Amino acid sequence: MKLYLVPTPIGNLEDITFRAINVLNEVDLILAEDTRTSGKLLQHYSISTPMQSYHMHNEHKISDSIIERIAAGTRMALITDAGSPGISDPGYLLTRKAIESNIEVQALPGATAFVPALTVSGLPSDKFVFEGFLPVKKGRQKRLLFLKEETRSIIFYESPHKLGKTLNDFMEHMGPDRKISVSREISKMFEEHFRGTVQEAISHFQSKKTKGEFVLILEGMM
């Protein structure tokens with residue numbers, strides 16, 4: 001009995017391991033966040049394994065039945081649209097239930113957006129904290145006030161239409177001179193990395209039409 005957590009490319013389809021391809025070929029069923037998105041990846045690598053949708057809107061309803069099927073001998077792999085399952089994506093709940101049911105969980109190493117963003121940021125990478133997406137409303141200000149005193153580099157994920165609000169929140173709570181690195185479209189054709197202060201980032205992205213998912217690396221309090 002085993003559940004595989006398989007990372008998928010965050011952009012460039014070549015950013016997948018040979019082992020990941022082998023596992024996706026060998027399992028009986030692939031649990032996919034979006035079968036349409038994952039279908040393109042599977043087609044690219046001629047993987048014909050059946051898929052089933054598993055995402056944040058249905059995971060609480062179907063996770064128990066999935067665990068029962070794995071316990072009965074069905075070999076399954078969990079993938080998300082991009083990156084490693086469980087990192088700001090579905091995966092935690094199913095992993096926890098598998099462990100509680102004495103099912104082995106094996107996570108393959110592979111693509112995740114924040115690692116390349118951190119390593120090219122020019123900010124300290126020996127110690128860091130991963131925050132993922134900030135709360136949209138409830139708890140947002142409280143979280144920012146808490147992080148104001150964080151001394152390690154802080155990693156955030158953000159969507160294009162919320163980037164401006166988040167940068168302005170950083171300005172308000174951390175100040176205009178705090179250093180930041182903003183990365184988008186990692187491993188894709190239009191990959192971009194902006195490095196500067198929070199104030200400079202606000203000016204830079206105000207004049208640009210933002211597209212793609214963003215990784216923000218914010219300098220810790222000195």
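The model is a predicted one, and residue numbers start from 1 along the chain as its sequence is written.

Take the parallel sheet to begin with. Five strands make up this open sheet, and reading across it gives the order β3-β2-β4-β1-β5, with parallel pairing. At the edges sit β3, covering 51-53, and β5, covering 104-107, and each of these pairs on one side only. Going from one strand to the next, the twist averages 25 degrees. As a general point, strands of a sheet pair through backbone hydrogen bonds, either parallel or antiparallel.

Strand β1, residues 2-5, is a handy place to look at the pairing. With β5 it pairs in the parallel sense, over four bridges. Within that pairing, lysine 2 has glutamate 104 of β5 as its bridge partner. β1 also runs parallel to β4, and three bridges join these two strands. Here tyrosine 4 stands opposite alanine 77 in β4.

Next come the helices that go with this sheet. Helix α3, made of residues 59-71, lies across β1, β2 (29-32), β3 and β4 (76-79), and it runs at about 155 degrees to β3. α3 also has a helical partner: its axis and that of helix α4 (residues 92-100) come within 10 Å and cross at roughly 35 degrees. The crossing of α3 past α4 is right-handed. On the α3 side, the residues that meet α4 are Glu59, His60, Ser63, Asp64, Ile66 and Ile67, while α4 brings Leu93, Leu94, Lys97 and Ala98. Sorted by class, this contact between α3 and α4 holds five nonpolar, two polar and three charged residues.

Threonine 95 counts as buried because its relative accessibility is 16%, and the cut-off for buried is under 20%. Leaving out residues up to four places away in sequence, threonine 95 touches Leu5 and Val105.

Strand β7, residues 153-158, and strand β10, residues 214-218, pair in the antiparallel sense, with five bridges between them. In this pairing, tyrosine 157 stands opposite valine 215 in β10.

Glutamate 185 has its place in the loop between β8 and β9. Is this charged side chain's residue buried or exposed? Glutamate 185 is buried, because its relative accessible area is 16%, under the 20% cut-off. Setting aside neighbours within four places in sequence, glutamate 185 is in contact with Phe190, Glu191, Lys211, Gly212 and Glu213.

Terms used: This is a predicted model: local features need pLDDT of at least 70, side-chain atom pairs count only at pLDDT 80 or more; totals for chains, interfaces and linings use all residues. Side-chain values use heavy atoms; hydrogens and water are left out. Two strands pair if DSSP finds at least two bridges between them. Axes are lines fitted to C-alpha atoms, for helices over the stretch in contact, and angles run from 0 to 180 degrees between N-to-C directions. Contact means heavy atoms within 4.5 Å. A crossing is left-handed if the near helix is turned anticlockwise from the far one by less than a right angle, and right-handed if clockwise. Ala, Val, Leu, Ile, Met, Phe, Trp, Tyr, Cys and Pro count as nonpolar, Asp, Glu, Lys and Arg as charged, and the others, Gly among them, as polar. Buried means under 20% relative accessible area, exposed over 50%, partly exposed in between (1.4 Å probe, protein chains only).
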